[in-house]
Amino acid sequence: MPNNVAAFRSKYKIKQKTLAEICGMTVQTYCNKEANVKAEFTRSEMNQLTEFFKKYEPEITMDELFFLPQSAS
């Protein structure tokens, strides 16, 4: 399932390492999930990332990050 996490991460200049740490995974695993290669984010990881991005965009939803075909541009 494609996601918009990379677009939001880029918009706020957040490193993949930061988000990997939040999700409790290696940077490589995080990169694979963000790029939708070999793995997808779990529901728990989606919740963690959505809560993290609420610091930047309080109204952001999980749908915007993970399910809608829009970007953070």
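A salt bridge is taken here as a side-chain nitrogen of Lys or Arg within 4 Å of a carboxyl oxygen of Asp or Glu. The structure is a predicted model. By this criterion, Lys33 pairs with Glu45, their closest N and O atoms lying 2.8 Å apart. Lys33 and Glu45 are buried.

The count of salt bridges comes to three. Another of them joins Arg9 and Glu34, with 2.8 Å between the closest N and O atoms. Arg9 sits in helix H1 (residues 5–11) and Glu34 in helix H3 (residues 27–34), so the pair connects parts 25 residues apart in sequence. Arg9 is buried, and Glu34 is buried too.

Glu57 and Lys11 also form a salt bridge, and their closest N and O atoms are 2.9 Å apart. This pair links distant parts of the chain, 46 residues apart. Glu57 lies in the loop between helix H4 (43–53) and helix H5 (62–66), whereas Lys11 lies in helix H1. Glu57 has 19% relative accessibility and therefore counts as buried, because the cut-off for burial is under 20%. Lys11, at 40%, counts as partly exposed.

Nonpolar packing was examined next. In soluble globular proteins, nonpolar side chains tend to be buried together. The largest nonpolar core in this model holds 17 residues. Val5, Leu19, Tyr30, Phe53 and Phe66 touch the most other members. Helices H1, H2 (16–23), H4 and H5 each supply at least two residues of this core. H4 gives the largest share, four residues.

Tyr30 has contacts beyond its sequence neighbours. With residues up to four places away in sequence left out, Tyr30 touches Val5, Arg9, Gln16, Leu19, Ala20, Met25, Phe41 and Leu49. Among these residues is Arg9, the salt-bridge partner of Glu34.

Tyr30 also takes part in the contact between H2 and H3. The two helices pack at an angle of about 100°, and their axes are 9 Å apart. H2 and H3 are therefore roughly perpendicular to each other, since angles of 65 to 115 degrees fall in that class. From H2, the contact involves Gln16, Lys17, Leu19 and Ala20. From H3, Val27, Tyr30, Cys31 and Glu34 take part. By class, the contact has five nonpolar, one polar and two charged residues.

Methods. Residues are numbered from 1 along each chain as its sequence is written. This is a predicted model: local features need pLDDT of at least 70, side-chain atom pairs count only at pLDDT 80 or more; totals for chains, interfaces and linings use all residues. Side-chain values use heavy atoms; hydrogens and water are left out. Buried means under 20% relative accessible area, exposed over 50%, partly exposed in between (1.4 Å probe, protein chains only). A nonpolar core is a set of buried Ala, Val, Leu, Ile, Met, Phe, Trp, Tyr and Cys residues joined through side-chain atoms within 4.5 Å. Contact means heavy atoms within 4.5 Å. Axes are lines fitted to C-alpha atoms, for helices over the stretch in contact, and angles run from 0 to 180 degrees between N-to-C directions. Angles under 35 degrees count as roughly parallel, over 145 as roughly antiparallel, 65 to 115 as roughly perpendicular and the rest as oblique. Ala, Val, Leu, Ile, Met, Phe, Trp, Tyr, Cys and Pro count as nonpolar, Asp, Glu, Lys and Arg as charged, and the others, Gly among them, as polar.
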